Amino acid sequence: NRLLLLNGPNINLLGKREKEVYGEFTLQTVEHELSALVQEYGGELDSFQSNHEGELIDCLHRANGKYDGILFNPAAYTHTSVALRDAIAAIDTPVIEVHISNVHQRETFRHQSMLAAVCYGQIVGFGKNSYRLAALAFLENK
Ligand code: DQA
């Protein structure tokens with residue numbers, strides 16, 4: 001299993017930004033823990049984060065066919081980006097949409113996802129375990 005962890009805008013600030021919403025852990029911690037989990041299953045994890053919509057789109061294009069699955073926290077672009085939706089729809093590699101916070105308990109503009117309908121699945125609201133659960137969905141999918 002080759003998995004890609006992809007994170008969108010402001011996720012580089014985990015551990016500093018809105019800790020009451022997103023917790024104290026950093027993106028580096030997520031990367032380390034997830035990489036260890038994937039390795040336990042004999043797989044490999046790559047990671048990419050960008051604050052730029054176009055870079056995320058380029059990354060999805062490059063990832064096509066190279067990975068068995070993509071764990072994607074599109075952050076605020078979840079709620080706005082038709083371009084990311086089209087990119088996910090354009091590739092064959094399945095994408096799981098991941099959110100740290102429970103977006104449905106938050107502002108109404110976060111209740112809508114432009115991306116969920118073209119994703120393989122969605123995991124929302126379990127803190128850094130959201131990433132683990134998404135990885136397990138690929139790793140334990142026999
Ligand atoms: C988020 C939820 C989004 O609404 C927000 O814009 C983020 C993070 C999450 O992981 O909970 O930046 O994707």
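Biologist: What makes the sheet open, and in which order do its strands lie?
Modeller: Five strands form the open sheet, in the order β2-β1-β3-β4-β5, with parallel pairing. Strands are DSSP runs of E with at least two residues, and helices are runs of H or I with at least four, numbered from the N terminus. β2 (44–49) and β5 (121–124) each have a single partner strand, so one side of each has no neighbour in the sheet. This is a predicted model: local features need pLDDT of at least 70, side-chain atom pairs count only at pLDDT 80 or more, and totals for chains, interfaces and linings use all residues. Residues are numbered from 1 along each chain as its sequence is written.

Biologist: How do you know that β4 and β5 pair?
Modeller: Two strands pair if DSSP finds at least two bridges between them. Four bridges join β4 to β5, so they pair under that definition. Ile96 stands opposite Gly121 in β5.

Biologist: Which residues surround the ligand?
Modeller: Among them are Asn10, Asn73, Thr78, His99 and Arg110. The cut-off is a C-beta atom, placed from the backbone, within 6 Å of the molecule.

Biologist: How many residues of each class make up that shell?
Modeller: The shell has four nonpolar, five polar and one charged residues. Ala, Val, Leu, Ile, Met, Phe, Trp, Tyr, Cys and Pro count as nonpolar, Asp, Glu, Lys and Arg as charged, and the others as polar.
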